[in-house]
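Okay, thanks everyone, I'll keep this short.

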Amino acid sequence: MAMTTFGVVQFACSDNVDENVATATRLVREAARQGAQVILVQELFEGLYFCQEERAEHFARARPLDKSHSTLHAMRELAAELKVVLPVSLFERAGQAYYNSLVMVDADGGVLGLYRKSHIPDGPGYEEKFYFRPGDTGFKVWPTRYGTIGVGICWDQWFPEAARSMALMGADALLYPTAIGSEPVSGFDSREHWRTVMRGHAGANIMPVMAANRIGVERFGEHELTFYGSSFIAGPHGELAAEAGRSAEVVLTASFDLEAIRAERAAWGLFRDRRPELYGRLATGDGSTRVG
């Protein structure tokens, strides 16, 4: 029985890139020490969550994802040293376009590919449409050293279509780097809603699902968000295999036999019994049938 061990790290960010990279590095090392082979770090971990406000100066935080990118270089070296898979969430500048992106780094430090966040939210405290174009990569799944991994970014995690698409593409597990917390207008505590939706993806697709969120209070002028952590790893039935609290720096790990889960997924018949010819409304905006 070959087990794959997943790790999730959760921490508070400062507005200093070097400090955040050092924190991420320390926690990734700890996760690897605990046996983790695939390690998830939270969304846009290089700095504070600047999308609380719309200010042109924050575009300077973006960089091209090339050999000059110091954070990506450091994460690639770390992955190669520890022999771990690292999805790396970064603010990308590509010509005149800006994306909320993720680079998948394999356990030898090599880059397997790029994913650009598909679903871009826009609301009080989460004004991402000001900064990011909708991703143009489509959903992505990568065959890593330790299994075939699908990754979405934050708001992507609310969409069952994204999870199912990655499952259909052959994913063995789904990972979601995240930045989510308080709702400035409604005051609604979305933690359980957030976790329940993703646990549903795990159960519906019979595969592990995990999310890494940040913690702490972050302020920009009159704006303030309290990030509620609560990072977790869910097993293939939606059960919580590991979970973090709301405010503590944490390393989580959980191990799964991905081959056994793949066999269970086939036996359940959820993919055998799909009727894609009946799902045309999912490809429309208003749920109508397409006019010929």
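**Rings and their neighbours**

Let's start with Arg214: its charged end sits over the ring of Phe227, 5.5 Å from the ring centre. Keep in mind, by the way, that this is a predicted model. There's another arrangement like that at Arg116, whose charged end lies over the Tyr99 ring, 4.0 Å from its centre.

Now, rings with rings. How many aromatic pairs does the count come to? It's 17. Take Phe91 and Tyr98: the ring centres are 6.0 Å apart and the planes make an angle of 50°, so we call that pair tilted. And are these two buried or exposed? Phe91 has 3% relative accessibility, so that one is buried. Tyr98 comes in at 19%, and because the cut-off for buried is under 20%, Tyr98 counts as buried too.

Next up, Trp194 and Tyr228. That pair is edge-to-face, with 5.7 Å from centre to centre and 65° between the planes. What I like here is where the partners come from: Trp194 belongs to helix α4, residues 191-205, while Tyr228 is in strand β13, residues 223-228. They're 34 residues apart, so this pair links distant parts of the chain. Both Trp194 and Tyr228 are buried, too.

Okay, that's me done, over to you.

Notes. Residues numbered from 1 in each chain as written. Predicted model: local features only at pLDDT ≥ 70, side-chain atom pairs only at ≥ 80, totals over all residues. Heavy atoms only, no water. Phe/Tyr/Trp six-rings, centres within 6.5 Å; stacked < 30°, edge-to-face > 60°. Buried < 20%, exposed > 50% of the residue type's maximum accessible area, 1.4 Å probe, protein only. Helix = DSSP H or I, 4+ residues; strand = E, 2+ residues; numbered from the N terminus. Lys NZ or Arg CZ within 6 Å of the ring centre and 35° of its normal.
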